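Please look over the sequence and the model shown below before reading on.

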Amino acid sequence: MTRGNRELAAAFKASVPVMMGYSVLGFSFGLLAVSQGLAWYWPVLMSLLIYAGALQFLAVGMLQAKAGMFDLFIAAIFVNIRQAFYGLSLLKKFKKTGRLKPYLIFALTDETYALMTTVEPDPQLKRRLYYFYLALLDQSYWVLGTLAGALFGSLVHFDTRGIDFALTALFVVLAMEQYKARRRWTPFLIGAGASLIALAAVSLDRMLITAIVLALIGMFLFAERIEDE
């Protein structure tokens, strides 16, 4: 097996859980988008050029409500601001990725981040190619799922209420996988506590960013305890 094929095979093996989730989620997104009146190719283009998961689901609802570009811009900032924080921890991993770095930054999602930080590849593999294939495969699952859902939704019409909950379900599964890999309770307790405080203290449109900030503060305050677990 050649060098590139080895990295691709390893990336595919590691990405199977995401494939199972993204194919269903992408299908759900494509189905939801066309059910709201969008042509089948629009959700596919969104998955190719935006590739932002929760934001794509949100954007469909906002477009249906005829929201303005400024509203969409603000929503994108608040929904995806979390990646500006946790992406910092990948600077070292991406340091020697060269021309692949722009795509790796673009294709960084919660699920891809979870794989890159919990699954250690074979030391003999070329890391830059492994990370590239991992990100590329994850996006391909999302795009193909979106295409299938959009085409299916164009042919079959039914009630899609509640289908966007699939994204929340995947986040829960990934959180469980993170715990199984790390076996540390404190980060999860901090995250849960931050979410509850944000839910009680601010409006729903500000809850996510508030919870992220509180969780980061908590992680800094309890950093030594987390390391000792």
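Is alanine 148 buried, partly exposed or exposed? At a relative accessibility of 36%, alanine 148 counts as partly exposed, where buried means under 20% relative accessible area, exposed means over 50%, and partly exposed lies in between, with a 1.4 Å probe and protein chains only.

## About the model

This is a predicted model, in which local features need pLDDT of at least 70 and side-chain atom pairs count only at pLDDT 80 or more, while totals for chains, interfaces and linings use all residues. Residues are numbered from 1 along each chain as its sequence is written, and side-chain values use heavy atoms, with hydrogens and water left out.

## Overall make-up

The secondary structure of the protein comes to 11 helices and 0 strands, where helices (H or I, at least four residues) and strands (E, at least two) are DSSP runs numbered from the N terminus. Of the 229 residues in the protein, 38% are buried. Among contacts between residues at least 6 apart in sequence, 76% join residues at least 24 apart, a contact being heavy atoms within 4.5 Å.

Valine 79 lies in helix 4 and counts as buried because its relative accessibility is 14%. From C-alpha to C-alpha, valine 79 and glycine 53 are 9.9 Å apart in space, and they are 26 residues apart in sequence.

Isoleucine 105, in helix 5, counts as exposed because its relative accessibility is 55%. Isoleucine 105 and glycine 87 are 18 residues apart in sequence, and their C-alpha atoms are 8.2 Å apart in space.

## A loop residue with positive phi

Tyrosine 51 is found in the loop between helix 2 (41–49) and helix 3, and with a relative accessible area of 4% tyrosine 51 is buried. Most residues other than glycine have a negative phi. The phi of tyrosine 51, however, is near 50°, a positive value in a residue other than glycine.

## Two helices packed against helix 7

Two packed helices are described by the angle between their axes and the distance between the axes. Here axes are lines fitted to C-alpha atoms, for helices over the stretch in contact, and angles run from 0 to 180 degrees between N-to-C directions. The axes of helix 6 (residues 110–118) and helix 7 (residues 127–155) come within 10 Å and cross at roughly 150°, and helix 6 and helix 7 are therefore roughly antiparallel to each other (angles under 35 degrees count as roughly parallel, over 145 as roughly antiparallel, 65 to 115 as roughly perpendicular and the rest as oblique). In this contact, Thr112, Leu115 and Met116 in helix 6 meet Tyr131, Leu134, Ala135 and Asp138 in helix 7. These residues divide into 5 nonpolar, 1 polar and 1 charged, where Ala, Val, Leu, Ile, Met, Phe, Trp, Tyr, Cys and Pro count as nonpolar, Asp, Glu, Lys and Arg as charged, and the others, Gly among them, as polar.

Helix 2 and helix 7 pack at an angle of about 175°, with their axes 9 Å apart, and helix 2 and helix 7 are therefore roughly antiparallel as well. Pro43, Val44, Ser47 and Leu48 in helix 2 meet Gln139, Trp142, Val143, Thr146, Leu147 and Ala150 in helix 7. By class, this contact has 7 nonpolar, 3 polar and no charged residues.

## The largest nonpolar core

A nonpolar core is a set of buried Ala, Val, Leu, Ile, Met, Phe, Trp, Tyr and Cys residues joined through side-chain atoms within 4.5 Å. The largest one has 38 residues, of which Tyr22, Leu104, Met116, Tyr130, Leu134 and Trp142 touch the most other members. The largest share of this core, 10 residues, comes from helix 7.

Which residues does tryptophan 142 contact, leaving aside its neighbours within four places in sequence? Tryptophan 142 is then in contact with Tyr22, Leu25, Gly26, Phe29, Ser47, Tyr51, Gly53, Gln56 and Phe57.
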